[in-house]
Amino acid sequence: MSFSQLYTVFLLVAALCILVGSCHSRSNDALDDPAIAVGQRLAEKHCNTCHLFVEPGALNKDTWTKHVLPAMAPNLGLEVYPGGHYYAGRNAALSYDDWQKIVAYYQTLAPERLDASQRSVATEENWAVFSLELPRCDTFQTAMTTLVAVDTISHRLYSSDALRSDITQWDQQLRPGRFKQLRSAAVHAQFFRDSDRNERGVFTSLGTMRAADISRGDVINLQITDRQAKDSSTIYTDLPRPLQSVAADINKDGLTDWIVCGFGHLRGGLYWLKQQPKHQFTKIPIREVAGAVQAIPGDFNADGWPDLMVLFAHADEGVWLFLNDKQGGFTERNLLKFPPVYGSTSFQLVDFNKDGKLDILYTCGDNSDFSKILKPYHGVYIYLNQGDFQYKQAYFYPINGCTKAIATDFDQDGDLDIAAIAFFADFQNNPEESCLYFEQKKSLQFRPHALPVNTYGRWICMDVNDFDQDGDADIVLGNFSKTFIIQKELKPKWDTHLPLIVLKNKTR
């Protein structure tokens, strides 16, 4: 076993120890108490009905008792009153006494605090293969960027903003031009040429940033010409907080359909927007549960029909495979499952070990719900494909509040590197982790570089593409500069007006 493999094993064991609590003897002693042992069995029974069971060591004591358990109690039919008091009515899934045993189990075994300070390898703060380029524009407006997307057809850059609900087009010199007003901010874009060779962009707008069941999201189809959008049409509207729309001809009828990830809040789903012969769209639910974040189409079982691999990130978190049944539906299979405290944020299918099979690059770090604390299991993970849709974790690097990672060969040495951002980074103690570049030196051995950009913005979105057309991959970062701050008394030390930056690759 190589040093890197041994080191990865060490990290995985350390993370597991943190997750289940640092003191096994204390846990064993507590579980000798019959009431605590019963509380564990009750928690495993009832919590597993909605999501993967969460060990007490995953969160600290205060977070469990003051935030998470009061938020979970209504799902079991209990009423919650001020001061941490509960009432189990006639329709509750368990009695008041049983609920108190669950509370006692978590309260007894949860640590006072989590150790979120561990790091895999000391990062080097430098620019690596990149140089910084800033927009040529007045920056007096507050930056609330929700989208950055490189258009590889016309080689322009697009962004959107939550305050203004518009799309801005940026040229190669990063000069902005107002492009299109929307009902709400865009969060995803896909570019293509239509049958008449016109360039088009399909933009997905969220509807609302609020964690609420408000269905005002849109999928908009725009014809793109020089500095303006023409021939605008709405593919679908009133969607539950959609985060992404991707093209796929699901039924192989020659018409482009769209797969929409409707994250929603308590309600949402993965939807197939099926195109009809008269170019209208019908919404067909594929998996109607909240939390759909990202879908990747592909023929994963090599039968000639498009399938889907999808990340869900709310309660029942994980990666699901949807195999096309060739009859207008899918068969569903869960590939990876994560606890609900992970806050899954992104995934990518890439071949890290060059064995011809697609592996999974995964990130977790959404930290805006009921457990707003730094978590040592947030970060970047690699799951290697073992064949037959089996995946095994092979790499983990802890990053507080990790939001997205994209792998490509940035330095063009023949292997995959990784760029990662963290919207919920530890800005008080380690702001450098908000943007990291992982240079792969040997197989699954990475040298992390902290790119010195944390004073320019707080990065919520990222795109990687060859923006300047010189043959290597550049990085674009979008700055969502205010709100969603979880660290008490944190005052932004980043620029609150700069909408985006470009990290130009200097390899070529």
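Colleague: Which residues do ring pairs link into a cluster?

Modeller: The cluster holds Phe338, Tyr342, Tyr362, Tyr377, Tyr381, Tyr383 and Phe396. This is a predicted model, where local features need pLDDT of at least 70 and side-chain atom pairs count only at pLDDT 80 or more, while totals for chains, interfaces and linings use all residues. Residues are numbered from 1 along each chain as its sequence is written, and side-chain values use heavy atoms, leaving out hydrogens and water.

Colleague: Why is the pair of phenylalanine 338 and tyrosine 383 called tilted?

Modeller: Rings of Phe, Tyr and Trp (its six-membered ring) pair if their centres lie within 6.5 Å; planes under 30 degrees apart are stacked, over 60 edge-to-face, and the rest tilted. Here the centres are 6.1 Å apart and the planes stand at 50°, so phenylalanine 338 and tyrosine 383 make a tilted pair. In all, the structure holds 30 aromatic pairs.

Colleague: Where in the chain do the two partners, phenylalanine 338 and tyrosine 383, sit?

Modeller: Phenylalanine 338 belongs to strand β20 (residues 330-338) and tyrosine 383 to strand β23 (residues 379-387), so the pair links parts 45 residues apart; strands are DSSP E runs of at least two residues, numbered from the N terminus. Both phenylalanine 338 and tyrosine 383 are buried.

Colleague: What makes phenylalanine 480 buried or exposed?

Modeller: Buried means under 20% relative accessible area, exposed over 50%, and partly exposed in between (1.4 Å probe, protein chains only). Phenylalanine 480 has 1%, so it is buried. Phenylalanine 484, at 35%, is therefore partly exposed. The two rings form a tilted pair, 6.0 Å centre to centre with 45° between the planes.

Colleague: How do you know that the charged end of lysine 283 sits over the ring of tyrosine 271?

Modeller: The test asks for NZ of Lys or CZ of Arg within 6 Å of the ring centre and within 35 degrees of the ring normal. The charged end of lysine 283 is 4.7 Å from the centre of the tyrosine 271 ring. Arginine 287 lies over the face of phenylalanine 312 as well, at 4.5 Å from the ring centre.

Colleague: What makes β17 and β20 edge strands?

Modeller: Strands pair if DSSP finds at least two bridges between them. The open sheet runs β17-β18-β19-β20, with antiparallel pairing, and β17 (292-298) and β20 each pair on one side only. Six bridges join β17 to β18 (residues 307-312), with glutamine 294 opposite leucine 311 in β18.

How values were computed:
Helices (H or I, at least four residues) and strands (E, at least two) are DSSP runs, numbered from the N terminus.
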